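Hello,

Here is the structure we talked about. Please open it and follow along with the notes below.

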Amino acid sequence: MTVPPLQEDERSAWSSFIASLCGVRLDASKGYLIESRLGALLRETQSGGWRELLQKIKADPTRQLQAKVISAITTNETSFFRDQAPFQLLRHKLLPELIDRRNRERIKPVPIRILSAACSTGQEVYTTAIVLKEVIGDLSGYDIRILGLDVSQEAIAAASYAHYTQLELTRGISPLQLSRYFEPAGSQWKVRDELRAMATFRQANLLEPIAIPGRFDIIFCRNVAIYFDEPNKIRLFKALGRLLAPEGALLIGSTESISGLCPEWEPQRYLRTLYYTKKR
Ligand SMILES: C[S@@+](CC[C@H](N)C(=O)[O-])C[C@H]1O[C@@H](n2cnc3c(N)ncnc32)[C@H](O)[C@@H]1O
C-alpha cells in the first residue's frame, strides 16, 4: 500500500492533534515529517487515508495508537555526555556546592534529587549517575534519586531496559568508563546495577500537571522546549520552577535560552555554560 500524500487541511488537523498530545509544533513546512514518520502506522492500521487514521486514533480507547504517534513523532536524539559542558558544571560546581550544603545541614543519608525532564532513552540520566559516582566515590552515605520523565513510552521502556549498543556508547563514554559502568549483555552493554539503582523512569507529558512529591536540587530540561511554541515553553519553565528546590539549578540545552520568556529565572554563568536559578 502506498502512503497517500497529506493534503493541507489534513496536515493542519494532524498538527493540531500532535500539539495537543505532546506540545510538539509542526508547521506547514513539516508535513513531510508526518508522512514519513506515520506512514507505517497508516499501513499497519490499514487506514484508507490520513483522515481515517486520525479518526481511528481518536476513537481508540486503549490509547495505544496515541502512544505510537507520540513515539513516532518525537525526536529522541540524545547521547552520553551530550555537549560535555553541562556535565563539567555538574561535576565541578553544582554537585560540590550541593554536597557542602547538605553536609552543613547534617542530613544523613545525604539526599540528592535530580530530574531529567525529557530524558529520551536514558543517556542523560546514566551520564548524571556516572558523574555522581565519580564525584562522590563511596555512595553508601547517600540517598540519590534521579528521575527520568519522557512522553514517549518507547523511550521510557528503552531507558528502563538500560541496554546500549557499542555505537551508542562510543559517543561519549571512554573505554575506562565502559569497563567500570557497563557490563556485556549479548551484543550490547548493560548499565551496571550500582548506577541503575539511582534511576527511575516514568512516562509523563511535561505540559500536563506533574505530580511529584518533593523538590529537585538539579533539573535537566535540554533539547525539548525547542519543539514547543512560546506559550508552552513558558508553561513548561513555570512548572519546572515549582519542582525546583530553592537553591536548585536548571540546565537547558546549549542552543536554548529562557531569558525574556520567564522573568522568574535568573541566568548564571559557569565558565562558558549558562544555567538558571530561581529569583528570590
Ligand atoms: C531531543 S530529545 C532530548 C533528550 C535529552 N534531554 C538530551 O538533551 O539529550 C527530546 C525528548 O523530548 C521528549 N518530549 C517531547 N515532547 C515532550 C513532552 N511534552 N513531555 C515530555 N517529553 C517530551 C521526546 O520524546 C524526546 O525523547
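Start at D83, which sits in the loop between α4 (64–73) and α5. Keep in mind that this is a predicted model. The phi of D83 is near 75 degrees, a positive value in a residue other than glycine. Most residues other than glycine have a negative phi, and most peptide bonds are trans.

Now look at the loop between α5 (85–105) and β1 (110–117), where you will find P109. The peptide bond from K108 to P109 is cis, and its omega is near -10 degrees.

Next, the helix pair. Helix α2 covers residues 31–44 and helix α3 covers residues 50–59. Their axes come within 11 Å and cross at roughly 65 degrees. Angles of 65 to 115 degrees count as roughly perpendicular, so α2 is roughly perpendicular to α3. The crossing is left-handed. On the α2 side, I34, E35, L38, G39, L41 and L42 make the contact. On the α3 side, the contact residues are W50, L53 and I57. By type, the residues of this contact are 7 nonpolar, 1 polar and 1 charged.

Last, the ligand. Which of the 21 residues around the ligand come nearest? They are C22, T78, A118, D150 and N223. Check these distances on your screen:

- C22: a backbone N or O atom lies 2.7 Å from a nitrogen atom of the ligand.
- T78: a polar side-chain atom lies 2.6 Å from an oxygen atom of the ligand.
- E124: a polar side-chain atom lies 3.2 Å from a nitrogen atom of the ligand.

Best wishes

Methods
Residues numbered from 1 in each chain as written. Predicted model: local features only at pLDDT ≥ 70, side-chain atom pairs only at ≥ 80, totals over all residues. Heavy atoms only, no water. Axes fitted to C-alpha atoms, helices over the stretch in contact; angles between N-to-C directions. Helix = DSSP H or I, 4+ residues; strand = E, 2+ residues; numbered from the N terminus. Parallel < 35°, antiparallel > 145°, perpendicular 65-115°, else oblique. Left-handed = near helix turned anticlockwise from the far one by under 90°. Contact = heavy atoms within 4.5 Å. Nonpolar A, V, L, I, M, F, W, Y, C, P; charged D, E, K, R; others polar. Near = heavy atom within 4 Å. Polar contact = N/O pair within 3.5 Å; in protein donor to acceptor, adjacent residues only side chain to side chain.
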